Every structure is written in C-alpha cells, then in structure tokens.
Amino acid sequence: MKEYSTYKCADFASNQAFINWVQHPDPNSDAFWAAVVTSHPGLEKEIEDAKLLVQSMQFEEKEFTKDDAQALWHIITTDTHKKNKTIVRYLYAGVACAASIAVLFGLWQWLGNNSDKQSDALVEFAANTARPVTTGNDIQVVLSDQTNYTIATDHSELKYDEKGQLTVDSQEVTQQQIPTTKKEEIKFNQVIVPWGKRTTISFADGTRMWLNAGSRAIYPVEFTGNKREVYIEGEAFFEVTKDASKPFVVKTGIIEICVTGTSFNVNSYPKDDNLSIALVTGTVEVKQKGKEQITLKPNQAMHIDKKTLAQELLEVDVFDYICWREGLLRFKSETLKNVLRRIERHYAIPVAIKDTLEQYHISGKLDLRNNIAEALDIVAKLAPIRYEITNNEVFIYKSDRL
Amino acid sequence: MHEFIVKKIDLTYTDDAQLWDSFRNGNSHAFSHIYKVHVQALFRYGSKLSPDTGFVMDCIHDLFVDLSRHRTTVGITDNIRFYLIRSLKHKILRNLKKLHKTDNVSDYPFLLEAAFDERLHEQEVNLHKRRCLRDALNKLPERQKEIIYLRYINDFKNEEIAQIMDITYQAVRNTLHKAIENLRKSISKEDIILFTLIFRNQKIIDVKE
C-alpha cells in the first residue's frame, strides 16, 4: 500500500482501480480503499475529492432508442447487398427528437357548408371565388379589377409598396386605382399557386408570406382599418412585422390566428383531413368558433381535426413544419396519405393510392429537390409500397414484402 | 438493458476476438450481435463530434455496410468497441472534411455537456461542489473533454485513447492530468471560501464568549 503515499487527487482520479471502485463499488474494493485511507490519513482529502470528481463524470446523451437502432440496422442489411449506399439522414434525420403526431386540415367543405355563418367580407370573398386551379402551370395573381396576371417562374417574389403598387420579380404590375369615392369598399387581390410552384409575397408593412404549392391567399390591396387581414387556403409561412396597434389576422374560415409580430406556419389544405399551426417566434392567438382562445408559444403546434374539430396542442420541432421553404419535407409519425399528398403537390403530378394503405404512419425526411422517383424510393423504404410512374400520374400499390 | 445484452453474448462468445472472428468468417448472427451491443456507444460518441443526428447515423451506417462488404479483408481485433469507435471517428472526421471542404480537422468539436441529478445529493456542500464541477467540466477545452469522455464513459485505457485521438500515450496522460487538476481547482476554491466562512463564524462566537 506504500505506492499511494505520493498520490495526489489527480493520480487517484485517473487510476484504473480507483475509477472501478467509484463506478462499481463492491465489498472487496470498499474494504481495500478504506484501508488505504486509514494507512494514509494525510490523503483523506485527496481521495475524497478524487471520488467526487469521478462521480461527477456524467454527461448528457442524445436518445437513441431500440426502434432507431432497428431501423438503422434494417437499412444497413439491405444496403450490404447493393451497389450504392442509402443516405440515411434523408430517412431518419431527427429520429432522436420527441415524436409528435402530425395532422393537417382542410376546410373547404366546412366553409362551403357554413358560409352563411360568416359575415366577414374577406371570408365571403374567398367563398365566392373559384378554387385554385391545380392543373395550371403558372402562378396566377387575380387583381382587384378581376384582371389575371400569370407568373411563369417556379419561385417568384411578389412585392407591394406603400401605395399598393405591385411588383412581380421586380417588374411593375399596374392595377386599376381605387376610386376615392368608393374607398370604403375594400378591394382584394388573390394569388393562386398551382402544384409544383412556390411564391413569396411582401406586403407594404414589411410582412412576408411564403406560399407553398397548391395554395391560395386573398388579401386587401392595402391594409386599411385597424387590422391586417389575410385569408389562406393551403400552406403558408408568415414573418409578421410588429405593429401592436394593427394586429395581423390570418383567416382560414374555421380558425383565426391573431398576431402582432411573429413567425409561424399555417397548413390548411382543402383535401387534407387536418389543419395545423406551428409557431417559430413570438406568440399567436388561435380562435376557433365555440372553443376557448388558445395562445401558442414558440415550438408549439396546434392541430385541428377536420371531422371532429378537436384541437390538440403539441410541443414540436418547428423545423418539421417550415422546411418546405427549402424544398425539404420532414415528418414524424405522419400518415402515408399526407406524405403522398405533399409529394403530389410538390411535383405537380396526381398520386393515386390503389390499395388500402391509410393505416401506415411513417417518419423521415425527403429532399424534394431530387426527382420524384428518388423521393418515392425513400418512401418505399419507410412503408411497404411500390409505385409506378406514368406520363401524368403516379400509382401507389401495397408491396408484398414486410 | 444494455448490460443484459452484453451478458447474453458472453454466453455465446467467450471473448471479443472470437466474436470478431465469427463475423469475419461470415456468421451474420455475430455481426448483428456486434451491432446491437455497440451501436448505442457509437451513436453517443458520434453525437459528440457532430450535432447532426442524421449525419452521425449516416456514418454509423457506412461503417457497418463497409465492414459487412469487406469482412474477409478487415483486420483482427480483441477489442471490438475500440476498433469500432476508432473507425467511426475516422469516418466522421473524413466526412466532416468533405462537408466543410476543409483540411483542418484537428480542431473538431467535442460536444460534451455535464449532467447530474440534483435530487440524488441532499448534502448541501456536495451539491454545491457538484455544480461547480459541472460548470468546470463544461468549460474544459475540447480535447480534454474528449479524453475524459473516452476515459470515464467508454473505459478506454490511455494506450487506446492515444490511438483513437492520434496522439502519444504521454500526451494523453498529461492532458488527462491537466483536465483533472482544472476540475479540482474549481472545488478547492470553494473549500477556501467555505473555510473562511466557518473561520469567521468561529471568530464571532469567540468574541461573544
């Protein structure tokens, strides 16, 4: 035992036998180290500190569940016999985060059945105008004088200046001046984004709105009055410029989202079963008829079931909700149907599900900047499906494996 | 759970060398056992080198696909965890280099964050010391953090750490010593403060008497 007489705290803390004792004590080692302390009374403090040091070596670890391990093993074994390797991060990025049940919402039918209850000029205007033309190739801007303006670029940028002057990709668009005598009659503009396109709209107050494929937005030519109101169908991301005296209100018919300055995502496609609002920064208030008003905090999302109108408040990774702006799609426990709907809208080609596959929930990430076959290849790894692509349609079948 | 799996394997394979040989001879059961036992440690270590979970999983995936494809030509080992961790690190650093188009990977991060359960330590003095240690651990330089992690969490010997980090045995020893001394400073300062407090109180009592 003499060998310990020159030991200092650091020597004990890096000694294998000492570490073993602290981490996995047993009666033998307890007796041994007790004897060391007794025979070297001067070392008591050194040993005590060393023990505390070793005990403190505990660190935060990311969660890697048995399911994650199994999923990764599945890809490893399938790739072993292939020429190429799968890029796992497109499949499983974010697996180590808390899971959430993602649901989306459509409101058109609801709106159609209940439009008599809506006395709102904006919502009424929306109900009385045509639904987005999903087969058209170009983004359409319907101006207040009912003239149509089409934009051929894939990711266009619309900008309104303080006078309500619209420029599209830096080109001025003239629209009929509102006669001063009729100023109280609010004029609306409408933007329709077909499948396969996206657009950004900047308003005179600096607020920006990103519109995803297959969406439409209706808004006044100028934000007059004490509110800034926008109607949305489909998916939009907002960065709202702060103005406490003039709240920004996003309407979808079934809910109203009221904000002063914030960034958030609204997803409300007519064909989908659910609606979602996800908050990135600031706060928003969600008002649904017959329900209590709910305030969302950052990284929270509210999901509303279209059939039951039930609300669900969730803690989420908001990147899942907003990565579409970068051409990515990330989903956790999402229904196969919803994922395929997104693919359909993004690639502007109808996807028909031929077998009953509704029950499948999948998690993963898709890079939609690749072609549709690459995206579907990845989906086929996550769910037991196979697909056929024809000229103007995609067919999804149940595959025999699994 | 983790220990249970390890024990179960020990029944089938007496040691790492034998398990590794079974894998090299094409025993798929051995290969999946190796994966099951080590994937958690690999993921955790990998996550210290990159915060991108998908990227770390990609590297683990590539590591096992490569092992499986080249099993007849991979070298022998009697310490599988060491072999895998070292291989994973090479892979991650090589891929990081590609990703960031840089040759300078010697200052890669080591995302280690100390944790302890405050409920477990009722003693006020120890609790305070633990907090100091936690803060001191978080402030250590990246390479000291890495050595500490490999030493105390992965139970690697200094020789193994030297190979994983591509430095000399002596450098590992010295760096580890330095790290521990840094940590100890954080709690011995506290001792001095505590001592002065007690001493002062003593004095006050003395005066009163």
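**Entry 1: ground rules**

I worked on a predicted model in which local features need pLDDT of at least 70 and side-chain atom pairs count only at pLDDT 80 or more, while totals for chains, interfaces and linings use all residues. Residues are numbered from 1 along each chain as its sequence is written, chains are lettered from A and ligands numbered from 1 in the order in which they are written, and side-chain values use heavy atoms, with hydrogens and water left out.

**Entry 2: chain B as a whole**

I looked up the secondary structure of chain B and noted nine helices and zero strands, where helices (H or I, at least four residues) and strands (E, at least two) are DSSP runs numbered from the N terminus. I then looked up burial, where buried means under 20% relative accessible area, exposed means over 50%, and partly exposed lies in between (1.4 Å probe, protein chains only). Buried residues make up 47% of the 209 residues in chain B. For contacts, meaning heavy atoms within 4.5 Å, I noted that among those in chain B with a separation of 6 or more, 67% are between residues 24 or more positions apart.

**Entry 3: where the chains meet**

I turned next to the contact between the chains, to which chain A gives 47 residues and chain B gives 50 residues. Chain A and chain B bury about 4,400 Å² between them, and 61% of that is on carbon and sulfur atoms; buried area here is the accessible area (1.4 Å probe) that two parts lose on being put together, summed over both. Across this interface I noted 15 residue pairs in polar contact, both residues being at pLDDT 80 or more. A polar contact is a pair of N or O atoms within 3.5 Å; within protein, one must be able to donate a hydrogen and the other to accept it, and residues adjacent in sequence count only if both atoms are side-chain atoms.

Which elements give two or more residues to the side of chain A that touches chain B? I listed α1, α2, α4, α5 (66-80) and α6 (88-92) of chain A, and α5(A) gives the most, with nine residues.

**Entry 4: salt bridges**

Four salt bridges lie across the interface of chain A and chain B.

I looked closely at B:R184, whose side chain meets that of A:E46 in a salt bridge at 2.9 Å, N to O. This pair crosses between chains, from A:E46 in helix α4 (residues 44-55) of chain A to B:R184 in helix α9 (residues 169-208) of chain B, and both A:E46 and B:R184 are buried. B:R184 also meets A:D49 in a salt bridge at 3.0 Å; B:R184 lies in helix α9 of chain B and A:D49 in helix α4 of chain A, so this pair too joins two chains. A:D49 is buried as well, and A:D49 forms a further salt bridge with B:K129 at 4.0 Å. A:K45, A:E46, A:D49, B:K129 and B:R184 are linked in a network of salt bridges.

A:E233 in strand β10 (residues 228-240) and A:R216 in strand β9 (residues 215-220) are 17 residues apart. A:E233 is buried at 1% relative accessible area, and A:R216 is buried at 0%.

**Entry 5: aromatic rings**

For rings of Phe, Tyr and Trp (its six-membered ring), I counted a pair if the centres lie within 6.5 Å, with planes under 30 degrees apart stacked, over 60 edge-to-face and the rest tilted. The count comes to 31 aromatic pairs over all chains.

One of them is A:Y4 with A:F32, edge-to-face at 6.4 Å centre to centre and 75 degrees between the planes. A:Y4 is in the segment before α1 (9-13) and A:F32 in helix α3 (residues 27-39), 28 residues apart. Is A:Y4 buried or exposed? A:Y4 counts as buried at 5% relative accessibility, whereas A:F32 counts as partly exposed at 35%.
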